[in-house]
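Have a look at the model before reading on.

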Amino acid sequence: MSASHQSGSADDRAVVWFDIDNTLYSASSRISHVMGHKIHAYFLKLGLTHDEASELHLRYYTQYGLALRGLTRHHDIDPLDFDRQCDGSLPLEDMIQFDPSLRKLFEDIDRSKVRVWALTNAYRPHAERVLRILQLDDLIDGLVYCDYRVENFSCKPEPEFYQLAMKQANISDPSKCYFIDDNRGNIDGARAQGWAKCVHFCEKGLEAVEGGRTMQIGKERAPGAKSDDDVEIVTSIEELRVVWPEIFKI
Ligand SMILES: [Mg+2]
């Protein structure tokens, strides 16, 4: 896996972009739940009350796609310290497991037709850790992540992030971009860039997770998104074999 593409020779293959968190593993792992607690604790350390912390956390997440974006804009915090205390301290190895059928799905993708990249709003160490635990790291051609070291870094669903992703993967034709994400707003962002083959991953049974809050946030549309935009919905990653049959060997 390479973090950046060696530019040069043109590659006509399409790119399949996979979101990582709550897409490559089930939201029932409660990683986002635990992460939410860690972020809440981080807000409290800034001197906020519990109510203020909850309100700001939700507002930053919905407004910026990422709580950290709001934190760096409105509070004087070190994003790398935030990453260490939040994502970096998650006991991921105890929370998610290798899934042979997911690895098989990645192995069955026809690499003569497409390249496979990950597109995440997390920082690189967390993304790489998840891919390593899932044993997918050798099946991913590249990773586009939020670079916390860059001031005002972009993230999904901002246009710049998808544009940066295409640049890194050295692909100029958005009609050759496949994309799956559990967050509908991120899908809207990709559609706005002309990414043609978008799939919204809506896992079943999430009502029980945090009272369905994860699911509810995941369904929120981006401001100005087209109401009639037809996007495929899958309830399991396996369904990609049906939705995108052209990218699989068998
Ligand atoms: Mg996700």
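In this predicted model, helix 2 (residues 50-64) and helix 3 (residues 67-74) have axes that come within 7 Å and cross at roughly 105°. That angle falls between 65 and 115 degrees, so the two helices count as roughly perpendicular to each other. On the helix 2 side, the contact is made by Leu56, His57, Arg59, Tyr60, Tyr61, Gln63 and Tyr64, while helix 3 brings in Ala67, Arg69, Gly70 and Leu71.

Six strands make up an open sheet with parallel pairing, and their order is 3-2-1-4-5-6. Strand 3 and strand 6 stand at the edges with a single partner strand each, so one side of each has no neighbour in the sheet. On average, and ignoring direction, neighbouring strands here are turned by 25° against each other.

| Strand | Residues |
|---|---|
| Strand 1 | residues 14-18 |
| Strand 2 | residues 114-119 |
| Strand 3 | residues 142-144 |
| Strand 6 | residues 232-234 |

Zooming in on one pairing, strand 1 and strand 2 run in the parallel sense and share five bridges. Which residue of strand 2 is the bridge partner of Phe18? That's Ala118.

Finally, a helix packs over part of this sheet: helix 8 (residues 159-168) lies across strand 1, strand 2 and strand 3. Relative to strand 3, helix 8 runs at about 160°.

Terms used. Residues are numbered from 1 along each chain as its sequence is written. This is a predicted model: local features need pLDDT of at least 70, side-chain atom pairs count only at pLDDT 80 or more; totals for chains, interfaces and linings use all residues. Axes are lines fitted to C-alpha atoms, for helices over the stretch in contact, and angles run from 0 to 180 degrees between N-to-C directions. Helices (H or I, at least four residues) and strands (E, at least two) are DSSP runs, numbered from the N terminus. Angles under 35 degrees count as roughly parallel, over 145 as roughly antiparallel, 65 to 115 as roughly perpendicular and the rest as oblique. Two residues are in contact if their C-beta atoms, placed from the backbone, lie within 7 Å. Two strands pair if DSSP finds at least two bridges between them.
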